[in-house]
Amino acid sequence: MTMAQSQVKYVFYFIGDGMGVNQVNVTETYLAALKGRIGFEPILMSSLPVVGLVNTYSGTNGVTDSAAGGTALATGSKTKNGALGLTVDLQNDVQSVASWAKDTGAAVGVATSVAVDHATPAAFYAHVPKRQMYYEIGKQLIASGYDYFGGSDFHKANEKPEEGSLYEQAAKAGYTIAKGYNDYMKKARTAGKMILLQSDEANSKLDHDRIPYAIDRKKGDLTLEEITRAGINFLSRQQKNGFFLMVEGGMIDYACHRNDIGTVINEVLDMDKAIKVAYEFYSQHPDETIIIISADHETGGLVMGKGPYELHTDLLRFQKMSKPEFQRHLNDLYKKHPKRFNWTLVEKELKAQFGFGDGITLTDEQTARLKKRWTAIEDAVKDNGKVNERINDLGETACRIISEAAMISWASGGHSNGYVPIYAIGPGTEVFQGRIDNIEIAPAIGKITGWKKQ
């Protein structure tokens, strides 16, 4: 280990859940298309000096889930799909790079744009055979004693009232809970340990599962950039021997599962904004800081190209809402004005939110598919059927059509075994160059920092 490497004491570990190489590529291709040219416009993460490719298979499956993928990235150990922080036989705990950092006196933060007990963040502190054990995972989050957590909320904070809510248990363990960035700013100075969550009002709309998508964001919404900035701020004041901060862009995966290309691009760009916050810190401490960016797996089997040898990613600028927000929007319109909910109104919304007929010219076949979905909604209204589900079907079709218009194709709504990228900067990070396996990343961080004895 070189002298420069031994000085590293600040580590940023970004994980873009579901972010394969093509999720980054389509984002950069889109930015270039907005400027009227074929090619790509680099974002910060892909502009870092170290670039590589990562294999993602799990200990039991050719295609990993987020729990096994997260465990590999966090601990350097492959495990069974669905398991967190355990060996592949589920018999022994495996410790994460976050716990190695804590054991050597560094401050530790785990942050995400989804729930703090979701699979990827949980891989850095939990040891459970099933990722759905949310209440137990929440208890292990509290028991970890890490300095900072940030995300949307807990999944099952009140699952066992006889034991007390996870909020109550966290408070007893010395955690201050802030609801939103402004609340964080009020409470951070006197807090010993911090959990930053979004507001109760936001949770009531999103079911505790995530912060709002970047494409849907409104003033006052908690952002991944704010969660990251708060983490750096808090850990910088807590640390005596450096810090470790993991930040997950968790909703890239969500959008890819839905094959929602406009939302995917906005989530990649949003994570890049969070990376810029870390890069600001790196610029002030270049000899002591490393930034690593990778992913647990690719989601959706995203490919740029469908039929003709063309791309029209510039058309994605017409998408103004995520698929779930569009579906919610139409449902609200139906509930408020059921008698005025007709094809004319829906066609107007498709134009406003996706550019159909106003920027994007639909084929006769695409128009027929949308009208078929509308007919199903009409039938559901007449028969007192499941109008919500039929509206969701319309949103699904709209997202498929805008992908088609941009010449984007999807293999599935699930994960794939496609390569994911790794980008890095800082002393010692050249070890991430080339093709590596996901279990090589955490041990390399441990070696660069000296947090784990080799």
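Because the model is predicted, local features need pLDDT of at least 70 and side-chain atom pairs count only at pLDDT 80 or more, whereas totals for chains, interfaces and linings use all residues. Residues are numbered from 1 along each chain as its sequence is written, and side-chain values use heavy atoms, with hydrogens and water left out.

Helices and strands are DSSP runs numbered from the N terminus (helices: H or I, at least four residues; strands: E, at least two). Two packed helices are described by the angle between their axes and the distance between the axes. Axes are lines fitted to C-alpha atoms, for helices over the stretch in contact, and angles run from 0 to 180 degrees between N-to-C directions. Angles under 35 degrees count as roughly parallel, over 145 as roughly antiparallel, 65 to 115 as roughly perpendicular and the rest as oblique. The axes of helix H16 (residues 364–382) and helix H17 (residues 387–406) come within 8 Å and cross at roughly 175°; H16 and H17 are therefore roughly antiparallel. Contact means heavy atoms within 4.5 Å. On the H16 side, the residues making the contact include Leu370, Ala376, Ile377 and Val381, and on the H17 side they include Ile391, Leu394, Ala398 and Ile401. By class, the residues of this contact divide into 10 nonpolar, 2 polar and 6 charged. In this classification, Ala, Val, Leu, Ile, Met, Phe, Trp, Tyr, Cys and Pro count as nonpolar, Asp, Glu, Lys and Arg as charged, and the others, Gly among them, as polar.

A second pair is formed by helix H2 (residues 21–34) and H13, whose axes come within 9 Å and cross at roughly 95°. This angle makes H2 roughly perpendicular to H13. Gln23, Val26, Thr27, Tyr30 and Leu31 of H2 meet Ile261, Val264, Ile265, Val268 and Leu269 of H13. The contact of H2 with H13 has 8 nonpolar, 2 polar and no charged residues.

In helix H4 (residues 66–75), 10 of the 10 residues are buried, so H4 is largely enclosed by the rest of the structure. Among the elements covering the buried residues of H4 are strand E1 (10–16), helix H5 (97–103) and helix H18 (441–449).

A cavity is a set of points where a 1.4 Å probe fits but cannot get out; a pocket is an open set with protein on both sides within 12 Å along at least five of seven lines; lining residues have an atom within 4 Å of a point. Grid points are joined across faces, edges and corners, and a volume is the space filled by probe spheres set on the points. The count comes to 1 cavity of 30 Å³ or more. The largest cavity has a volume of about 50 Å³, and its lining has 5 nonpolar, 2 polar and 3 charged residues. Helix H13 (residues 261–284) gives the most to this lining, with 3 residues.

The largest pocket holds about 740 Å³ of space. Of the 26 residues that line the largest pocket, Ala202, Lys205, Leu206, Pro212 and Asp221 lie nearest its centre. The largest share of the lining, 4 residues, comes from H10, and by class the lining has 8 nonpolar, 5 polar and 13 charged residues. The second largest pocket has a volume of about 180 Å³. Its lining divides into 3 nonpolar, 5 polar and 2 charged residues.

Individual residues were also examined. Glutamine 169 is placed in helix H8 (residues 166–172) and, at 17% relative accessibility, counts as buried. Not counting residues up to four places away in sequence, glutamine 169 touches Tyr135, Lys139, Ile142, Glu163 and Gly164. Aspartate 183, in helix H9 (residues 181–187), counts as buried at 18% relative accessibility. Lysine 156 is situated in the loop between strand E4 (148–150) and H8, and its 39% relative accessibility makes it partly exposed. Leaving aside neighbours within four places in sequence, lysine 156 is in contact with Asp117, Tyr134, Tyr135 and Leu166.

Note on methods. Buried means under 20% relative accessible area, exposed over 50%, partly exposed in between (1.4 Å probe, protein chains only).
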